[in-house]
Amino acid sequence: MADLKKQIIEQLNLKDVKPEDIGDDQPLFVEGLGLDSIDALELIVLLQQEYKIKLANAEEGQSVFRSVRTMAQYITEHQPKTV
Amino acid sequence: MNFPVFIAGTGVISAIGNNVQQHLHALENGTAGMDNMTYLDSVHKHRLPVAEVKMSNEELAGLAGLPAYISRTALLSSIAAKEALEQSGINDIRQWRTGFISANTVGGMDKTENFFIDFLKDSRKGRLRNVVHHECGAATEITADHLGIKHYVSTISTACSSSANAIFLGARLIKQDILDVVVAGGTDALTKFTLNGFNTLMILDQQYCQPFDENRRGLNLGEGAGYIVMVSEKIALSLKQGPVCTLSGYCNANDAYHQTASSPDGTGSFLAMKGALEKSGLQPGDIDYINLHGTGTQNNDIAEGTAIKLLFKDRYPKMSSTKSFTGHTLGASGGIEAVFSVLSIQHGLVYPNLRFETPMKELPFTPETVFSKGQPINHVLSNSFGFGGNCSSLLFSKT
Amino acid sequence: MYIQAAAGISPQRSFEAILMQPECYTGNRLTCCEPDYAQLIDPRMIRRMSRIIKMGVAAAKECLQKAGWEMPDAIITGTAYGCLADTELFLSKMVENKEELLTPTAFIQSTHNTVGAQIALLLKCHNYNNTFVHRGFSFESALLDAVTLIKEEEISTALVGGVDEITPVSHAILSRFGLYRKDDTGSAALLDVPGKGTMAGEGALFFALSDHPSGNDYAKLDNVYTFYKPADIAEVKDHIVSFLQRNELQAQDIDLVISGENGDVSNDAVYTALKIGVWNTVPAVSFKQLCGEYPTAAGFALWLAVHILHTGKVPGLTPATRPRRVLIYNHYQHIHHSIYLLTAC
């Protein structure tokens with residue numbers, strides 16, 4: 001999850017945020033880290049780029065990107081198996 | 001100084017036709033302009049339908065009387081602006097203080113994006129004639145020079161409300177007695193830049209769009225240009241054919257909510273429509289038809305719909321999104337839809353909102369689904385909303 | 001029409017600094033002196049902003065602060081090139097990634113009205129918001145829009161700005177058009193050593209325009225006039241002479257001319273002709289050695305003019321009397337010509 005936090009910070013240019021500032025279960029959107037719909041789209045590309053996971057639509061992102069933990073879980077469940 | 005502003009001519013080119021007559025025909029027959037991508041060369045060719053003007057740059061250049069290497073944005077602009085001016089019956093524009101106010105969102109990007117392929121490999125490469133018209137203002141000047149308009153030229157770019165704002169400004173310059181004649185509207189060609197940009201927002205429909213439908217999936221991009229000719233009363237009286245209608249109201253307001261998304265209650269849309277009504281001195285009940293912004297995205301249609309619900313209460317005028325025909329033509333949409341609004345008053349037309357099936361559960365009204373003519377249409381409201389919360393409404397009234 | 005305040009980010013630190021010792025640049029571009037934006041803009045908003053957006057928003061904020069305004073009735077910006085860095089970023093990624101795996105931020109921020117929109121968002125301002133993108137008329141169009149809205153009594157205050165940036169890519173492309181000096185003249189001698197080409201410039205200048213005097217206004221804006229593609233210098237002269245007549249003025253009624261020489265021989269011929277033929281008795285100063293050449297450079301000239309009228313001090317000149325009436329004349333590539341008339345308050 002530490003790697004994922006680093007990737008999120010980089011992708012979203014969260015300059016003043018350190019990986020340890022983001023709690024595993026802290027909400028990423030609105031009241032938590034304060035992310036918005038544009039960030040959700042950025043995270044969709046992050047999943048695709050780093051983990052080869054393609055989300056079907058932006059709405060699916062709402063549940064996947066609830067927190068770093070839900071995101072990590074989703075990645076584990078959906079990552080294409082390497083042969 | 002507050003002189004009335006008359007509309008004396010219209011010109012339009014889009015995926016459903018190259019001139020006003022062809023548009024009337026397509027609108028009556030319910031012929032949509034979306035299709036597989038033919039002229040734009042993109043990897044999304046087979047996945048994303050678009051509403052292209054069905055002509056190559058060479059063919060457009062022939063029609064416009066301009067060289068084929070210039071930006072498609074400028075070619076489209078010149079064709080529609082010329083039609084508008086010809087239709088107005090004004091013989092010699094040099095006799096009057098004439099202005100050309102055009103809008104677009106990406107200027108000569110259709111050429112720049114090709115230039116960039118070579119330029120990125122080597123910064124000394126890429127043909128300069130492909131970037132010389134990159135700026136938004138360059139497209140405007142090509143058309144202004146082509147039409148011989150010199151007195152006042154300007155370009156507005158406020159994303160998808162750009163050309164509504166161009167018309168708005170033109171009307172004000174006539175009211176202020178700064179200009180006698182204004183050709184105003186907008187143009188945009190399809191580009192890979194905008195296609196990929198909207199694709200990253202995940203708001204492009206892979207099928208043909210369904211504005212104001214409960215099951216809407218997004219928008220289809222389109223291209224084209226639309227202009228109206230506005231004149232002062234003095235000019236209007238001198239024309240053989242009387243003016244079609246007046247621009248009786250206009251307003252621009254900002255949603256100030258988010259860079260791209262509309263606020264859930266459509267604050268900006270509400271303020272723009274309300275402001276246009278106030279400017280004209282009309283009541284919501286006076287409006288006969290609304291040409292919706294109606295892009296087909298989840299976000300726009302609920303925001304716009306909610307604002308209409310709030311403003312019109314229980315007396316909803318007929319309404320439809322003609323983007324179901326033309327696709328979303330971005331910087332051209334306000335101009336193209338202004339032309340449709342004028343034609344609506346001129347011929348008593350109400351256009352269908354193609355492919356509408358299921359009412360949106362949040363809204364107590366539904367858009368029109370059939371074409372009708374000979375309707376008593378006196379007042380038409382046309383909405384254009386864009387990125388940056390930029391919301392504009394224009395109000396056209398029968399003379 | 002009163003200019004209640006002016007603020008900007010330009011290649012010069014401040015008006016006071018110009019009087020003391022102007023910033024000088026070598027090579028063929030002048031770059032903005034930028035503040036620490038983290039002190040000026042909310043970090044949540046700043047993370048997506050490219051340089052031009054930060055410049056525009058910071059300049060707008062400072063202008064509002066100086067005017068003591070919370071909410072202008074209109075926000076109107078002019079930019080010829082728009083948000084170039086974001087445009088180039090998205091375009092490059094699109095080419096490199098062959099239209100796959102693109103992210104939305106650069107595309108969204110590349111929209112030409114981003115600066116105006118971000119200001120509205122920052123202020124939660126629902127009022128009129130417009131952006132003009134007409135090359136060398138971008139700033140003048142914005143100003144004219146504000147002036148007419150005020151005359152129509154639609155609004156009484158407007159925040160008006162002109163914003164353009166140079167990026168390495170735009171500089172490389174524009175250099176290929178032969179716009180810039182190939183020698184090492186530098187900004188200090190740019191106008192004294194005639195040659196081929198000029199130096200590139202950039203800036204974000206904002207003005208608080210009001211229909212009523214505040215008691216502490218920088219200057220009064222009497223008139224702005226533009227003309228497009230005059231056939232020759234004679235036509236330029238005609239425009240200027242009839243502009244003065246319309247304003248019931250003669251050249252000697254002007255205390256100071258601020259003119260737009262940029263060091264390029266073919267560009268500057270018209271200024272020389274006007275100096276001889278129209279305002280030969282009037283003291284004149286230039287401004288592009290301070291800000292460089294760019295389509296909205298007249299915004300910098302206006303910023304300079306209002307400071308001159310506000311303080312009575314003229315950079316590079318010791319006037320016999322405090323200037324009360326200033327005229328700015330500028331043209332961009334012989335296509336876009338503008339004249340501004342201002343008086344002291």
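Me: What makes up the secondary structure of chain C?

Reply: Chain C comes to 12 helices and 10 strands. Both terms denote DSSP runs, numbered from the N terminus: a helix is a run of H or I of at least four residues, and a strand is a run of E of at least two. This is a predicted model, in which local features need pLDDT of at least 70 and side-chain atom pairs count only at pLDDT 80 or more, whereas totals for chains, interfaces and linings use all residues. Residues are numbered from 1 along each chain as its sequence is written, while chains are lettered from A and ligands numbered from 1 in the order in which they are written.

Me: How do you know whether the radius of gyration of chain C agrees with that of a compact globule?

Reply: The radius is taken over C-alpha atoms, and the globule rule is 2.2 Å times the number of residues to the power 0.38. For 345 residues a compact globule would have a value near 20 Å; chain C has 20 Å, and therefore agrees. Its C-alpha trace spans about 60 × 45 × 40 Å along the principal axes.

Me: What radius of gyration does chain A have, and what would a compact globule of 83 residues have?

Reply: Chain A has 12 Å, and the globule would have a value near 12 Å, so the two agree. The box filled by its C-alpha atoms along the principal axes is roughly 40 × 25 × 20 Å. Chain A holds 4 helices and 0 strands, and its elements run α-α-α-α from the N terminus on.

Me: Why is B:Ala256 called buried?

Reply: A residue is buried if 20 or more other C-beta atoms lie within 10 Å of its own, exposed if 12 or fewer do, and partly exposed in between, with C-beta atoms placed from the backbone. B:Ala256 has 21 such atoms within 10 Å and is therefore buried. This residue sits in the loop between strand E6 (245-254) and helix H9 (267-280) of chain B, and has a positive phi of about 45° although it is not a glycine. In general, most residues other than glycine have a negative phi.

Me: Why is C:Glu99 called partly exposed?

Reply: C:Glu99 has 16 other C-beta atoms within 10 Å, and so counts as partly exposed. C:Glu99 also has a positive phi without being a glycine, here of about 65°. Its place is the loop between helix H4 (84-96) and helix H5 (104-110) of chain C.

Me: What share of the residues of chain C is buried?

Reply: In chain C, 57% of the 345 residues are buried. In chain A, 28% of the 83 residues count as buried.

Me: What makes the buried residues of H1(B) line one face of the helix?

Reply: Helix H1 (20-29) of chain B has B:Val20, B:His23 and B:Leu27 as its buried residues. Seen down the helix axis, they fall within an arc of 55°, so they line one face; the arc is that of the directions from the axis to the C-beta atoms. An α-helix has 3.6 residues a turn, so residues three or four places apart point the same way. On the other side of H1(B), B:Gln21, B:His25 and B:Asn29 are exposed. Among the elements covering the buried residues are E1, helix H3 (72-88) and helix H11 (323-326) of chain B. Just after H1(B), B:Gly30 takes a positive phi of about 65°.

Me: How many residues of chain B are in contact with chain C?

Reply: Two residues are in contact if their C-beta atoms, placed from the backbone, lie within 7 Å. On this basis 47 residues of chain B are in contact with 46 residues of chain C. H7(B) gives the largest share of the chain B side, 5 residues. By class that side has 19 nonpolar, 23 polar and 5 charged residues. Nonpolar covers Ala, Val, Leu, Ile, Met, Phe, Trp, Tyr, Cys and Pro, charged covers Asp, Glu, Lys and Arg, and polar covers the others, Gly among them.

Me: Into which domains is chain B divided?

Reply: Chain B has domain 1 (6-238) and domain 2 (247-398), with bounds from an automatic or database domain assignment. Their centres, taken over C-alpha atoms, are 20 Å apart. The contact takes 60 residues from domain 1 of chain B and 53 residues from domain 2 of chain B.
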